[in-house]
Structures are given as structure tokens and as C-alpha cells.
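Hi,

Here is the structure I said I would pass on to you. Have a look at it first, and then read my notes below.

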Amino acid sequence: MNAAIDTTPDHLSNEDALRDPSLYLNRELSQLDFNFRVLAQALDPQVPLLERLRFLCISCTNLDEFFEIRAATVRHAQDFGLPPAADGLSPTVVLNRIHDRAAELVDAQYKCWNEVLRPALNEAGVRVFGRGAWSARQTRWLRAYFRNEIMPVLSPLGLDPAHPFPKILNKSLNIVVVLKGKDAFGRAGHLAIVRAPRSLPRIIHLPSRVSGGENDFVLLSSVLSAFVDELFPGMEVKGSYQFRVTRNSELVVDEEEVENLALALRDELVGRGYRPAVRLEIAQDCPKPIIRTLLQNFALPDNAVYLIDGPVNLNRVIQVYDLVQRPELKYPVFTPRTLRDSDAIFDKVDDGDVLLHHPFDAFTPVLELLKQAAVDPNVLAIKQTLYRTGKDSAIVDALVQAARNGKDVTVVVELRARFDEDANLGVADRLQEAGAQVVYGVVGYKTHAKMLLIVRREGKKLRRYVHLGTGNYHSGTARAYTDLGLITADPDIGSDVHLLFQQLSGLAPSTKLKRLLQSPFTLHAGLIRKIEREAKLAKAGKPARIIAKINALNEPRLIRALYAASQAGVRIDLIVRGACALRPGVPGVSDNIHVRSIVGRFLEHSRIYWFGNDGNPELYCASADWLERNLLNRVETCFPVLDADLAKRVFREGLQNYLDDNQNAWVLDVDGTYRKVAPADGEAPHSAQATLLAGV
């Protein structure tokens, strides 16, 4: 570490020193490390077996998205000569380190599958057969299955001057085949490509009469490789090797230039699956000349290839989790708490604010709020933001019903929600057809805020009811993610949310809000002011503390403010699930900062900010992580929990509970590595998520 760093208390004189690149961890490499922590769940014998399989598949899916977005972004920075981030690493260096670290992860994933989970599943009566393990009866059945169900939809393509290399769809399963001999037209065989259409199931469930077991499976890739010779009669197959290419999936639309964002996005979605390649996965026994040919075709460098010891689409094994009905191999089912008197939700909120901690509290009160508003003759208007909703969304159904019932319904649909663009276009069309006013947000800024506003006539006055949350209006993620939601009729919060919707839909100017902080206008500066306030308290000899629970952290000015606060003596605890660019524990700089990550049954998604404020603590929940994009380039909301009892509950359940975790916690060390926390001698084990589940 740089010993020349100035550690004087006045952080203003420290500004340049706190820009030292050695004080910052690389975001992309930190994000990769998160997936090692996910994979650790797959290796944990205390986790139910099929859940371990699910964690393995999650780590694989996460890695896919990492390459589609994060690695693709770094490659873009390299191609266009963009400057390095706060860590000072050039894009070229980052790409090389990504390759090395990702290769370690891939190796660990396949060792987990081949040496740990597959044998354990087999022992438990859930068998995924490789080609070498098929019995004669199974082979006959699979050959017939190939001929009847698979071969009719395949279109193998021999490569020659008349048949150039075909377009390969993003993350699709493919087989490159080495051929010898001549075909019916006298053409000499060399290479052919067999593409597996998306319509084919990637996991084949063997009938028990054939396999002898109820839960026996074969991978499509194994079947293709075993019988690929039937696609080339009269020719000799010298080898067949499965491969998969991952492409840049970040949609690029020049919003300033397009007249209709929805039409522009529809055009972009058509070509998303064929954008520039960023990664090649291929069977490890594939000859090097073929690998070079594929790299050349996809315009990829040598450090973009990953040799695979197993199925290239390992994440597809997740289907086994869904197909196997073995409750003893999964987490116990739980029923979330339900809100009393939710059938009269407006009366309930009239009595006081309602706090929901998902998934331990059911998502139904939010849905009930909308359903009752849709049919309530006193409700005049409904305004809502939608980022992700899921298929067959009851939220969308309620909004459609409200519009058809004559309510004034305005919905801000964020079309640019990554990988949900197509679904959100469909939601927008459906809402418009029902008569709702649909707004696509603000040019240049994704609308990531989670807001619902209901205007209701009560006597001679209009009253606003508001729901604000840290997660999406998606019933599925409400069961799998930890999130917080607040339903309130507080006049100041209602006024703030009304002004935010005016900004989003009516080109209203930036207005000072009474209670909320918002990106991109006041949240970033507001956080820094609160951090600096704690630093001043510490300098004055008063207790000063900051606790934050977020998903990721990389914004440099915020990190510098935290470093300066640490130097002033502020105790700072950060619970950061994923990427963290802040380096804790640097002598004289971040001695007072502690960073931990929690990885458990549920995906940690809630964002909570707590500031000690000289004995008058302030607690906020938010839709925003402490990333540059969230604080400076998105529309986000940060809302206070004003009810003292509810604020104490959020602190107890969402912060202290996680700081006490010694079962699923990982601590970030000064060198950028994470180590698993274990109970100290005589310390009782404590799992934050298990504690919350016990209260359900």
C-alpha cells in the first residue's frame, strides 16, 4: 500500500491522496469474486442437495451475464481507448485478469459438477447419465428419440465456399463436426456445424421403464454428440465438439436521435442475439486448429476462449431442480406472513405506515392496494413505475382493470430494463390498449425507482397513498429476493412522489423535495453531506457511525467521503452483496471501515442507509446501489422510514441482524480477497436469513 498517503484529519487536504488507484478495487474482478461465494453454497454440505445444484447453476448464469454486460463493457472501453476507472487498470489489463479469474471460476464450477454434485445426486437417486454410462437399452431408446424428436428439426451445415460459417445465436448450443469422405455431390468433407434449435429441450427425462429410476436424465448435448454421425450418411465423423459463444447483449439506442424509443428498441432486439462475440466456450478435447478457426470467425482474441470439461451450457441442468419432486432435497417450504386487515388496506394505512420485509412478509398487500384501488369509486388516479414485472403479472392486470374502470392511470414503463425489454414492450402495449397513459421515462436516464401513487377522495379532500420499495413489482422476485417496502399516507412523502411523477411524465423542473432524496439530482450529494456530518461529529469527539446495506459500491466520490470519514474516526459497516471497489482496512485510510457480504438462500437485494446523527439516527431505504450509474445516471428514490418503531425494526432485521451473521457472511480483507466468517469460540451460530425465517 502507498506509504506516502497523507492521513491528516482534514480530508480536503487529503483529496488527491484519496484518489490513489491502490485504494480502489476493480469492479469487474470484484463482481467475479461474488460468483465464487455463490459457488461456495453449491459446495456446502449443509445446504440441501438440489439447492446446491441451483446455486451452481446460478453461478453459471451470473457468469453468462457478466460476460454479456461487464466484460463486453470493458472490451468496448478497450476498443475506443476509454480511460481507466478509479483503480487505474487499463481495459487491456482488466480483460487479461478477467480471463484468468473467470478460468479459475469455470474450472471450479465443473469440478463441483463432475466430482461433487453429480456423484452426490446419483447417490440420492437423481441420475444425469453421461454417454459412457448408458446401458444398451438406454442407448436404443435415445437413438430412437434422436431420430424421431431431434433429427427432423436439425439443419447441419457443411462449411465450404458456398456455405460460409453460419450466424451463431448468443449462448446457443452448437456442435462442430470434423468429417472425412465425400458427400452425395462429391464434395470433400472437412467441417460442419450442427445448431441445436431453442425449441429442443436441453434435458431429456428418461422413462422409468427404460432407465429403472424415476429421476434419470440425459443432456441434449450428449445425445447430439453420440448420434451426430446419422446426420452425415456415407461420411466418417472424426470428431464432434460442442461449443457456445457469448455475445455483447447491451442494447445501444441513441435516444437523442430516435423519434420513437419503443420502435427503436424493437429493431435492436431483433439483432441482439448476433451482436459482437465476447467469449467462446468449447469442449476441452477440441483440436487447437478448430479452436483457432472459431476464434477467427468470431473475431475473438486468444484470451476469450474457455475449455470446458462437461456440457458447455451447464446452467441448463437447473431443469433437473424443477423436474425432481423430492422435498427432502430442497429448502423447506415456508408461508410468508400476511398482513392483518389487508382486505381494507386504505383503512389499515390510515392507522399507520405499513412496512413489508420480503420474502418473510407476503407481497400480497401491495397487490391488494392496487386491486382495491382499481375498483374503489373514491380512487381518482393511479401512477406507477414498472421496471420488471414478470410474466402474467397481477400488478399489470390490476392496472388494466383500473384503466378500464375509468381511473386516470399513468404508468412509467422502463423499456430499457436489461433482458426485460421485450416483456416491457408487451406490457406497455397492453396498458395502452386498456386506456392507460404510458410514459417511457427520461431520455438518457433509466427509471429504476419503485413507486406507486394512489389519489383517493376522502370527504372533501384528496389524499395520497404511496408504496415505495427497494425491489421490483415482481411477485416472483418478492419470494426469492430480500427487499423492503413501505406503504404510507404521509402527506410530505405523498407530495414528493407526486412531484417525481410530474418530472417523469410532464417535463417538470427539478424541485426540492421534503422527505425523499432522488437520483440524479439530490441523492448523491445528500449521501456525501450525511457522511461528512458523521465525520464532523467524530472530530468533535461525539459518537459517529454509518451502516449501509447495498448490492454494489463503486462511486469514487462517495468512496473518498467514506475514507475521509474513517480517517476522522467514524465507525463504518458496509454490507455489500456483490462488487465493492472500496478497499477496507488500509492503515491510516480505511481502518474503521468493515465490509461483509451475505450469500444465502435468498438473494440479498434490499438497500438500507443508516446514519447515527449524534443520537438521532436517520434510516433510509432506497432503490439505488452506491454505483455511478445509480447515483448519477438513473432515476432512483431514497425514502426515510419516519415511524420510530418501524425504523427500529428495519435496523434490527435488516442491519444488526446481518452484522451478527456468522454462518453466511464473508469479510472483505485489505488485499481484496474474501474469507468466510465462522463463529468465534463460545459464540452461538447466527444466520440472518434463518433468524428472519424463524419469525415467519
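Let's start with a charge and a ring: R577 lies over the face of F34, 5.7 Å from the ring centre. The charged end of K167 likewise sits over the ring of Y274, at 5.6 Å from its centre. For a charge to sit over a ring, NZ of Lys or CZ of Arg has to be within 6 Å of the ring centre and within 35 degrees of the ring normal.

Before you go on, keep in mind that this is a predicted model, where local features need pLDDT of at least 70, side-chain atom pairs count only at pLDDT 80 or more, and totals for chains, interfaces and linings use all residues. Residues are numbered from 1 along each chain as its sequence is written, and side-chain values use heavy atoms, with hydrogens and water left out.

Now the rings. There are 13 aromatic pairs in the structure. Rings of Phe, Tyr and Trp (its six-membered ring) pair if their centres lie within 6.5 Å; planes under 30 degrees apart are stacked, over 60 edge-to-face, and the rest tilted. One of the pairs is F243 with F298: the ring centres are 6.4 Å apart and the planes at 50 degrees, so this pair is tilted. F243 is in strand β7 (residues 236-247) and F298 in the loop between α8 (288-297) and β9 (305-308), so the pair ties together parts 55 residues apart in sequence. F243 and F298 are both buried (under 20% relative accessible area, with a 1.4 Å probe and protein chains only; exposed is over 50%, partly exposed in between).

Y609 and W626 make a tilted pair too, because their planes are at 50 degrees, with the centres 5.2 Å apart. Y609 belongs to strand β23 (residues 607-611), while W626 is in the loop between β24 (618-622) and α18 (628-632), 17 residues away. Y609 and W626 are buried.

Helices (H or I, at least four residues) and strands (E, at least two) are DSSP runs, numbered from the N terminus. Strands pair if DSSP finds at least two bridges between them. β20 runs parallel to β19 (residues 545-550), joined by 6 bridges, and I572 in β20 stands opposite I546. On to the next strand: β20 has 4 bridges to β21 (residues 593-598), also parallel, and there I572 faces I593.

Cheers
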